[in-house]
Amino acid sequence: MAAPTLQQPSFLLANLKADATTKSLLQRCQDLVKIIDDYPAKELHLIFPWLVESVFGSLDGIIAGWNLRLVNSLCTEYNIVMEFLKPSGPMMKLVYKLQAEEYKYEVPVNYLPGPVKASIQQGVLPDCPLFHNKLQFPLSGLLSLNLALNPFEFYMFNFAYCLITPKILPPGQRGSTTDNAYFVLVDTYLRYFLPSEGSVPPSPFSDSRGSVTAPSPRSSSVSFAGHGFHSPSLLKHHIFHQPSVNADPAAQEIWRSETLLQMFVEIWLHHYSLEMYQKLQSPQVKEPFSPTEEHVLVVRLLVKHLHAFSNSLKPEQLSSSLSAHSHTHTSPLEEFKRVVIQRFVQQKLYLFLQHCFGHWPLDASFRAVLETWLSYIQPWRYTGENPQNPDQNRTVPDKWESFVHENLLMYTKLFQGFLNRVVRTDLVNAKNALMVFRVGKVFSQPNLAEMIQKGEQLFLEPEHVLHHRQPRGYMTPGQGGSYLSSRQRVVTDTVFRVKSHVYALEGQDCQYKQMFGTELRGAVMKLIQIIAQARQTAKRISDHSNESAANTSFLSWFGLGSPDVISPFSRVEPEENGECLKKTHEFLDRALDNLCQIFMLNQGQLNQLISNLGASQDDGNCKQMPDCIPGENGLVLTDLGREQIINGLRRFDIEYRGDPELQPIRSFENALLVRLFYRISSLLNDRFGGHMNRLCSRPNFLGRLSRHYFTDPDSTTRLTQSPMSKHLVDRSRQPRLSLRVLASYRTLLLLLLVYICGALLSFDPISSTLLIFIGGFLHGLLMMLFGEKLKSH
């Protein structure tokens, strides 16, 4: 294809917009490759914002872009997208070409994460240096603030924001989770810009202006309330006249790595501050941001890669970086690996997980959040070593003790949050039981519980007070900053570091609850009882299902069964029967073993807990109603009643209490015939209701037979069993004719078989119909005489 002829930039942009509606994606990408190669940066600068928006969509979600989250490896566009957007592809070449110049692109502050936006609008300098020296102050006021980002920052901002932008999916189409183009691109960018082996490939264009500036020492709160009105803004002066450190060649080496990581962390994780999280504990406060399952899966990918990236630091480099006099010999990338988890990720990920633990729905989709948490607290899984027995618990090496101590809340506080969730979860569900097993398996790894206990003991040392020692050199994660700024003094006091971690994440006035303290131990005992209850419930459901299958017989086809009765165990979904119930029992058994190992419970204590449960619960208990109190509109469940239902201890008898003729149409009924026979029976009941009433009121044999055909003999019995149906019991029940049974496919099949047999025996249709009426009369006679005995059996 010939290169496009040189034309005015406005025409270039107009032509590209026109091509977007007429040409295929492949043709558009081929044209863009030529344009990026042939046009100067001055002209490419004008099409860059439009191109980024057309790829990733608009920040408000109105423009969908290329829908990267819907493009998977089976789509024809997948290879085209990946080739165009890969780190060494045409799009990144355009970014580097513009990066070599002084071009800036504006992003409204309103699209920044909540804490960052609130910080800027309130006059507080954001913690993340990514947003420093970039504010554009308009004359109209603070509400229209913009950030001026360089091309690489602008590209990565839009790429990261694409994940959290609400998308309007086409009807009937769902995005895949881990094999779509977006997920694969995230993984590709992480491997390229945060390599575990080697260094970051250099930019193909020289760049002396694109580094991320490391902030100078600053105050965490500088007011600019008087900006534009009374006095020059201190914040404005601070941001735009901050000393630059771009001349450092070491900073140039990894500025793209640091920019990419900070952008991902800010856009994906920094939606909750400590103050905001504390406010969210009130049920009246509306949730500011709700992550999706896809969002959490991408965060887990980030966590896993950062562990692998950090663990690729060689032991000799790690030891040299810890020396106070040898840091000048450590490369910037290796130094970055050493601090990446604690400095950039820990605090924001902790608040993100705290929010998810407290607000995520109580269903199996929580597995994504759970695995993200378990990935973070097990960095030893991402060392590149292949264990001989991956399924067997390995002892956690002693070298990870410092990580456990400096991330103590990730283990203890989030474990408490998991306990609060799991006691409100239906553990009979195999997916929920699996999550309990997973947590127990991780925390029961040899040596881990001892490390956590030691960390708690260090935190509880009374003679160390953090706020008297913190100014002496320790920088908390919340203070942010590039590690390339003035180097921190290495803090050798482990107690001080543990306290610094806890107070930085929870605040100076936090009330710490020990994971191995008395209060949490009581909560674990309660969980063990709930697990034992769930095991019993799973066994009862399994036994009931087996009995129901064994009792199913050909007699039910003739109406001797009770297909309309809803079992108290009918809450179990089809996928939770049979094999899944066996898995539930296995997961819960192993979870009990793991909990006993973690909290050092012996078999005698476990047996006593389970025996106490068995003494207080019997098989008849599940047939009783849950604990309720009378309310204005009937019975109201108490907290105990809700717990009984969740754990399968008691259930309401779920029955249809309305007019049997108006029950929802079942899957074994023909909808057209149900409605037709209802109209016919209604006409007959209206016309001959008086005659039916007189027949049914007779005390003789004819009266008994009429009551069998013209009334529902079980209706009064069912209604009297319900505590809310006194007004229904008092209602006079008129005899009526019901033809709905004729709309059942089972009945239609039986009638068809009768007519076929009649034809084979040379009976005409009238004779067969007469035989059907005779059979129906004899069936009613037998049910009237022996029905009670048959049902009792």
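**Ground rules.** I began with strands: two of them pair if DSSP finds at least two bridges between them. Strands (E, at least two residues) and helices (H or I, at least four) are DSSP runs, numbered from the N terminus. This is a predicted model, where local features need pLDDT of at least 70 and side-chain atom pairs count only at pLDDT 80 or more, while totals for chains, interfaces and linings use all residues. Residues are numbered from 1 along each chain as its sequence is written, and side-chain values use heavy atoms, with hydrogens and water left out.

In what order do the 3 strands of the open sheet come? I found 1-3-2, with antiparallel pairing. Strand 1 and strand 2 are the edge strands, each pairing on one side only.

I checked the bridges next. Strand 1 (residues 105-108) is joined to strand 3 by 4 bridges. Pro 108 stands opposite Asn 146 of strand 3, and Val 107 has Leu 147 as its bridge partner. On strand 2 (residues 135-136), I counted 2 bridges to strand 3, again antiparallel. Leu 135 has Leu 147 in strand 3 as its bridge partner.

**Faces of the strands.** In a regular strand the side chains alternate between the two faces of the sheet. I used "buried" for under 20% relative accessible area, "exposed" for over 50% and "partly exposed" in between (1.4 Å probe, protein chains only). Strand 3 (residues 146-149) is covered on both faces: Asn 146 and Ala 148 are buried on one side, Leu 147 and Leu 149 on the other. In strand 1, Tyr 105 and Val 107 make up a covered face, whereas Glu 106 and Pro 108 make up an uncovered one.

**Aromatic rings.** Rings of Phe, Tyr and Trp (its six-membered ring) pair if their centres lie within 6.5 Å; planes under 30 degrees apart are stacked, over 60 edge-to-face and the rest tilted. By that rule I got 34 aromatic pairs. I picked out Phe 56 and Phe 159, an edge-to-face pair at 5.6 Å centre to centre with 70 degrees between the planes. Why does this pair tie together parts that are 103 residues apart in sequence? Phe 56 lies in helix 3 (residues 41-56) and Phe 159 in helix 7 (residues 151-164), so the pair links those parts. Buried or exposed, I wondered, are Phe 56 and Phe 159? Both are buried. They also belong to one aromatic cluster, whose members include Tyr 182, Trp 255 and Trp 268.

**Charges over rings.** I counted a charge as over a ring if NZ of Lys or CZ of Arg is within 6 Å of the ring centre and within 35 degrees of the ring normal. The charged end of Arg 421 sits over the ring of Phe 366, 3.7 Å from its centre. For Lys 499 over Phe 459, I noted 5.0 Å.
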